[in-house]
Amino acid sequence: MFNIFLILFIFAELSFYLLIAQTGVVEVFHSDIFAIISLPIGGIIGTYLTLYISLKSQRNGVALLILQMVSIFSYPDMNWVTLFLLGLSVGGISPIIIEVLKRAKIVDLGVALGLSYTFATLLFGTNPMHRGGMALALSAIALFGYLFLEYKKITTDRLLFRKGEIYPLYLMVIWVFLDASLFETLSRDDMMSIWRGGFSSEIILFHLLGVVVAISIKIEYSRKALLIAMLFVASYLFYFMHASLLLSIVYPFVISYYNIVILQSLVKLRSSKDISLSMVFIGWMASGAGLMVALEGLIQYNLALVIIILSYDVIKKLNFKKEFSHV
C-alpha cells in the first residue's frame, strides 16, 4: 500500500517550491534579484541551521512548516523580512524531506513526484499574484501529511534507500544548474514558454514517463550520467532550434529522471551534515546561479558546458573499458 501521508507531504512541499518559492515570488518581483535576495539568503541559512537540529524530530519539522505558513500570509505583498523567513523555512525543510524519504518506498516517491509535476504544470499559467491561497493550502496539506508520518507503519520492503554508489556532488550541482538556467530562461521567453504555449499534455506525459523509467528501469551507474548529459544536450539544442514540441518531450523527461537520480543519491547519505551541505549547493547555489544565467542572457554558454561533461563521461568510460580489457 501507498504511504499516503508521506506522499501528501512530498507532493505539497515540492509543489509549493515549484509554484511559489521558485516561480511565484520571482515573477511577483519581476525577476529583480535585489528585491528577493533575502529569500536565498534565508534558504542557505535555514539549510545550514539544520546541522544543529535533529532531522528526525517531528517537532522541528512542524515548527518549520508553521513558519512557512506564517511567512506566506502576506503573499504577494512580501517584504525583506517575510521573504527571509520564507527562505529560512523552505531551506530548513529541504534536508528534512531527504530524511523522510529514507523511510519511503520507491513507488511513494514516484507517485509524489508525478502528482507535483502534473499539478505544477497545470497551474503554471495562473497569475503569480493570485497564488496566496494556493500557497496556504499547499502548506496546510504538507503539515497535515507530516503530522501523521510517524503514525504510519514504515515497512522495509522496496525502500527508496539502497546500497550502491552515490553520484558526486559536483555532477548533481551541474545538473541542477543546467536545469535552472533553461527553466528560468524558458519561463521568461514569450516565444518558447512551453508551459504557456499549449504543450501541457506533452509536458505532463513525459514528466510521468521520466518518473516511471527512473524508478523501474535499472541502468548502470556511468550510463545514467551519460544519458542525463545527452538529454540535456538535446534539450538545449531544441531550445536554440525553437523546436517547442520536441523540447516539451525531452526536457520534462530529463527533469523527472535526474531528480529521482539525485534523490536516490541523497537518501544514501548517512550524515545529517552531508545532507544539509549538499542541499545548500544543490538547492540554492546551483539554482541561484542558473537564475543569474537566465537574467543575464548567457544560456548559450551552457551548451558548451554540457558537451564538456558529455565528452568527459565518454572518455572516462572508454578509458575504463581499455583498462579492463588488459586485465
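**Notebook: helix packing and ring pairs**

Entry 1. I began with helix 9 (residues 200-216) and helix 11 (residues 244-266), which pack at an angle of about 35° with their axes 7 Å apart. I note here that the model is a predicted one. I looked up the hand of the crossing of helix 9 and helix 11 and found it right-handed. Then I listed the residues that meet. On the helix 9 side they include Ile 203, Phe 206, Leu 209, Gly 210 and Val 213. On the helix 11 side they include Leu 245, Ile 249, Pro 252, Phe 253 and Ile 260. Sorted by class, this contact of helix 9 with helix 11 holds 14 nonpolar, 4 polar and 1 charged residues.

Entry 2. I turned to helix 1 (residues 4-22) and helix 6 (residues 106-123). Their packing angle is about 35°, and their axes are 8 Å apart. I recorded a right-handed crossing for helix 1 and helix 6. From helix 1, the contact uses Leu 6, Ile 7, Ile 10, Phe 11, Leu 14, Ser 15, Leu 18 and Leu 19. From helix 6, the residues include Asp 108, Val 111, Leu 115, Ser 116, Phe 119 and Leu 123. The class count for helix 1 with helix 6 is 15 nonpolar, 2 polar and 1 charged.

Entry 3. I stayed with Phe 119, which is placed in helix 6. Which residues does Phe 119 touch, leaving aside its neighbours within four places in sequence? I found Phe 11, Ser 15, Leu 19, Met 134 and Leu 138. From Phe 119 to Phe 11 I read 108 residues in sequence and 9.1 Å in space, C-alpha to C-alpha.

Entry 4. I next looked at the aromatic rings, where the count comes to 17 aromatic pairs. Since Phe 11 lies in helix 1 and Phe 119 in helix 6, the pair ties together parts that are 108 residues apart in sequence. Phe 119 has a relative accessible area of 25%, so I put it down as partly exposed.

Entry 5. I took Phe 232 and Tyr 258 as another pair. Their ring centres are 5.7 Å apart and their planes stand at 50°, so this pair is tilted. The pair links distant parts of the chain, with Phe 232 in helix 10 (residues 221-240) and Tyr 258 in helix 11, 26 residues apart. Phe 232 is buried, because its relative accessible area is 0%. Tyr 258 is buried as well, with a relative accessible area of 2%. I also noted a cluster in which ring pairs link Phe 124, Phe 183, Trp 195 and Tyr 251.

Entry 6. Last, I looked up Ser 278, which sits in helix 12 (residues 272-296). Its relative accessibility is 9%, so Ser 278 counts as buried, the cut-off being under 20%. What lies 2.7 Å from a polar atom of the side chain of Ser 278? I found the backbone oxygen of Asp 274 there. Leaving aside neighbours within four places in sequence, Ser 278 is in contact with Leu 169, Leu 266, Leu 269 and Gly 283.

Conventions
Residues are numbered from 1 along each chain as its sequence is written. This is a predicted model: local features need pLDDT of at least 70, side-chain atom pairs count only at pLDDT 80 or more; totals for chains, interfaces and linings use all residues. Side-chain values use heavy atoms; hydrogens and water are left out. Axes are lines fitted to C-alpha atoms, for helices over the stretch in contact, and angles run from 0 to 180 degrees between N-to-C directions. Helices (H or I, at least four residues) and strands (E, at least two) are DSSP runs, numbered from the N terminus. A crossing is left-handed if the near helix is turned anticlockwise from the far one by less than a right angle, and right-handed if clockwise. Contact means heavy atoms within 4.5 Å. Ala, Val, Leu, Ile, Met, Phe, Trp, Tyr, Cys and Pro count as nonpolar, Asp, Glu, Lys and Arg as charged, and the others, Gly among them, as polar. Buried means under 20% relative accessible area, exposed over 50%, partly exposed in between (1.4 Å probe, protein chains only). A polar contact is a pair of N or O atoms within 3.5 Å; within protein, one must be able to donate a hydrogen and the other to accept it, and residues adjacent in sequence count only if both atoms are side-chain atoms. Rings of Phe, Tyr and Trp (its six-membered ring) pair if their centres lie within 6.5 Å; planes under 30 degrees apart count as stacked, over 60 as edge-to-face and the rest as tilted.
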